[in-house]
Structure formats: structure tokens, C-alpha cells
Amino acid sequence: MPVSRRTLAVALAACAALSLSACGSGDGDGGSTDASGKVEGDITFQTWNLRANFKPYFEGLIADFEKKYPGTQVKWVDQPAEGYADKISADAAGGTLPDIVNVSPDLVAPLAKAGLALDLDKAAPQYRKEYLEGAWASHEIPGMTGTYAFPWYLNTGPLFYNKSLFDEAGLDPDQPPKTYDELFAQGLELAKKTDGKVATLANVPTIEDFGRYGVELMNKEGTAFSFNDAKGVELLTKYKELYDAKALDPQALTATPESSGKKFLTGAVAMNPGSALDLGNFKKQAPSLYKNIGITDQITSTGHVNMYVMGVMVNAQTKKKPAAVAFAHYVTDAEHQMSFAKQVAIFPSTAGSLDDPYFTKEDGTDETRVRVAAAKSLKSAANYTPVLFSEQMKTALRNEVAKALQGKESPEDALDNAVSACDRLLQQQG
């Protein structure tokens, strides 16, 4: 993706929460989910910061669709990454939301609650089987029935580690940690052997880390958070031990994915999560690191890695539902997802696509090694970040985690406070 969106992780982290009060009432044509009828008419399709790098791809896609469905015309608009959520919120409030919108799950939730996102389980149930189960489920909203966007491109990534740092600390560079217990034990060992000069990790735990650890994040009804359970407290306690031993970088409390990446590039941190996109950066920016790069699987207690997903939503109030649904499906069908995936290091969300030789055969390069491993893990991956978990909630959790790591609160109190804050914010969403 564009440099400003190094990975989908960064893209999703940059999303701002939409205000429900700005989303209108959801009345009018939004009450109907009937998408049957002739595919015709003028529709508008909005993407998120994709024109600069992929203009020919989308222009070709649109031309092919218009040829397949004579009488249709697709107007393509592309919005910059900066302020994208605010733009959607303003369009929703003003009744100018495009017919088809590129979204992430957290952007869909308030629109669905306001009646502005079409329920595909009702309008287009015939397409559900075409997509990976976890990808389709990523645009379901707790407390509501239905699915509110077609899944589009996915990403996930391995853990990268610096073999030379492992070797210097007396750890086997060919035996990276595979479990959380091993990660914490090796992290403490590495910090001890380097007198705290080399940290193993540079990020504090986020909501997805709690999810991968096996913490139940939210109740089934979507009315309250629950990541302050015993398992959540256990994870934060382990991170506190890392922090005290300098196995967690001291600047982790204020780190961003970009700053953590720089620490890894300079050899101040031994491990960092990433994606296939990062290998090219290592090669250019840190050749010595690239020579010593180790690649291992994401660590998870659930057996499912974390998945980042983008979607294509149909405006429930569009006057051209048959055309809008047809185009949203066209963009995200197996053929077009596959062609897009070959232009950039992302992965299709369509069932069976990840069995293509492009995603299963290695050619001896690190790039294909990462691609093949990621594709295999995506078949059963989960989107751990709850769709109702807003930017304000992420901030509340981060602030409480920081207090626990600094010893200002116990892990139990910190997570209790974080859950209380997030539940209050959840009630304010409506």
C-alpha cells in the first residue's frame, strides 16, 4: 500500500471512530434490503488512498464492469488517508455518502447502527459462500444481526527477529520463541545478557494482543467489554515483568508502529511484527539487518493469527441497489481480488484463492516464504480488534496499560479501569 500506510495494521490504527450522532436516522430508502432488479444506472465508488499507486488497475476494473453491464456508469472518487473517517462521517450526516465505500470494520459499525450500511445477509446472501468465513464475519456487528460489507483485501504478517542479537545473547538464532511462555522467557534472558541494552519488544499490548493471548474481549451481545478477566491480568503482569527488566523498550509507552520499526532497524529491539511489505524496506534501509533477519510465525494461544481486513460497503440508501451490490461484489470477487493481490503485498479474502500457486509455492526468496506462510495462516485467521472498539477506547486501554507498567496501578486495577472507561464510551455510541 502507499508508504503512509505501511501495513494494514497502521491503516486500521489510524482510523478515527465515527460519531453516531453524525450518521443520520437511517430512514428513507435504507429500510429496504431488496437488491434484485436490473443492474443499471450511475453509481459512485469511493476508495481510501489508492489512486496514487493503483489508478490503472481501478480504471480497468471500472471499464470492464461497465462493459459487462451496459447502461451502468461508475464514478470513482478516492479520498486521502488523512481524515478519511471524518469525511465519511460528514458525508453520512449530509446525505452525500457514496453508493459504495471502502471501509474497515470499525468504520462500518456506526454506519450500520445508523441504518446506512446495507445488510448483505439479506440483500446478497448468495455471495457469502465465496468468501473466507473469518473475513465475512469481520463485518458483523455485535448486538445486530447481519453482515455490513463485502470483505476485500486482507493482511497479516510474521514476527521478524534479529538473529545476530539472539546469537550475541547466547540464544539459539534458529529456535525463536513459538509460545508466549518462550517469548517472555527469552525476552528476560536477552535483556539480562545485554544488561538491558537490547529489548525484545517495542510495543505495549494492544486489544489484539489480548485477543491472541486467548482473552475474551467482549460479551456476545456486544454490550460490555471483558478483557479484565484472569487471562487478561496474566498477560499484563507478564508485560510488567518485561518492562521492569528492560526487555520491553522503555519508549514502548509512547511508541507508534513506525517508531517501533525504526528501533528494530537500528538493532535496539530484537523482535518486531510486520508483513511481507517490510522485507523490501529492510533490504533498502538496513542491509546488515536483512542479512541477519529471522522470520517466525505470529505467537498466539488460540491457534488463530490476527487478520487485518478491508471491506467494501454498500450505502443502504442508494437509489441504485442492484448496480451498487453488483459492483461491490465485482470488486471483491475471486478474479479481481487475485489480480489486485499480484500488484501489492496483500491477500484475497475469497475462499480458495489462497490455494493458488502464487500463495503456496516458494521460490527460495524470503518474500515468497513470508507470502506462503501468511497465506496459510490467513485461512483460519481472526480479526481480534472488536468492531466496536473505537480510537478513544484504544487510547483508554493504552493509558491504563502504561500506568500498570510504570507501577502506578496494579494490572488488575488498570484493566478494571480500562474496561469501565471503554464500557462508558460504548454506551455513548448508542
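Which residues does Pro80 touch, not counting residues up to four places away in sequence? In this predicted model, Pro80 touches Trp48 and Asn49. Pro80 belongs to the loop that lies between strand 2 (72-79) and helix 3 (84-94). Its relative accessible area is 48%; because residues count as exposed over 50% and as buried under 20%, Pro80 is classed as partly exposed. The C-alpha atom of Pro80 is separated by 32 Å from that of Arg369, and the two residues are 289 residues apart along the chain.

The overall architecture was examined next. The protein chain contains 19 helices and nine strands. The radius of gyration is 22 Å, close to the 22 Å given by the globule rule for 430 residues, so the protein chain is as compact as a globular protein of that length. Along the principal axes, the C-alpha atoms fill a box of roughly 70 × 50 × 30 Å. Of the 430 residues, 55% count as buried. Among contacts in the protein chain with a separation of 6 or more, 77% are made by residues 24 or more positions apart.

Six strands form an open sheet in the order 2-1-3-8-4-9, and the pairing is mixed. Strand 2 and strand 9 (347-348) stand at the edges of this sheet; each has a single partner strand, so one side of each is left without a neighbour in the sheet. Within the sheet, strand 1 (residues 41-48) and strand 3 run parallel and are joined by two bridges, with Gln46 standing opposite Val101 in strand 3. Strand 3 and strand 8, in contrast, run antiparallel and are joined by four bridges; here Ile100 stands opposite Val314 in strand 8. The residues of strand 3 (residues 100-103) point in two directions: Ile100 and Asn102 one way, Val101 and Val103 the other, and all are buried. Strand 8 (residues 308-314) also pairs with strand 4 (residues 150-155), in the antiparallel sense and over four bridges. In this pairing, Leu154 stands opposite Val309.

A further antiparallel pairing links strand 5 (residues 159-162) and strand 7 over four bridges. The bridge partner of Leu159 in strand 7 is Thr296. From strand 7 (residues 293-296), Ile293 and Ile295 point one way while Gly294 and Thr296 point the other way, and all are buried.

Buried residues in helix 19 include Pro411, Ala414, Leu415, Asp423 and Gln429. The elements covering the buried residues of helix 19 include helix 4 (105-113), helix 9 (207-212), helix 10 (230-244) and helix 18 (391-405).

Aromatic residues were also examined. The structure holds 31 aromatic pairs. One aromatic cluster includes Phe45, Phe54, Tyr57, Trp76, Trp152, Tyr153 and Phe340 among its members. Charged side chains are also placed over aromatic rings: the charged end of Lys231 sits over the ring of Tyr213, 4.9 Å from its centre, and the charged end of Arg371 sits over the ring of Tyr358, 3.8 Å from its centre.

Key
Residues are numbered from 1 along each chain as its sequence is written. This is a predicted model: local features need pLDDT of at least 70, side-chain atom pairs count only at pLDDT 80 or more; totals for chains, interfaces and linings use all residues. Side-chain values use heavy atoms; hydrogens and water are left out. Buried means under 20% relative accessible area, exposed over 50%, partly exposed in between (1.4 Å probe, protein chains only). Contact means heavy atoms within 4.5 Å. Rings of Phe, Tyr and Trp (its six-membered ring) pair if their centres lie within 6.5 Å; planes under 30 degrees apart count as stacked, over 60 as edge-to-face and the rest as tilted. A charge sits over a ring if NZ of Lys or CZ of Arg is within 6 Å of the ring centre and within 35 degrees of the ring normal. Two strands pair if DSSP finds at least two bridges between them. The radius of gyration is taken over C-alpha atoms; the globule rule is 2.2 Å times the number of residues to the power 0.38.
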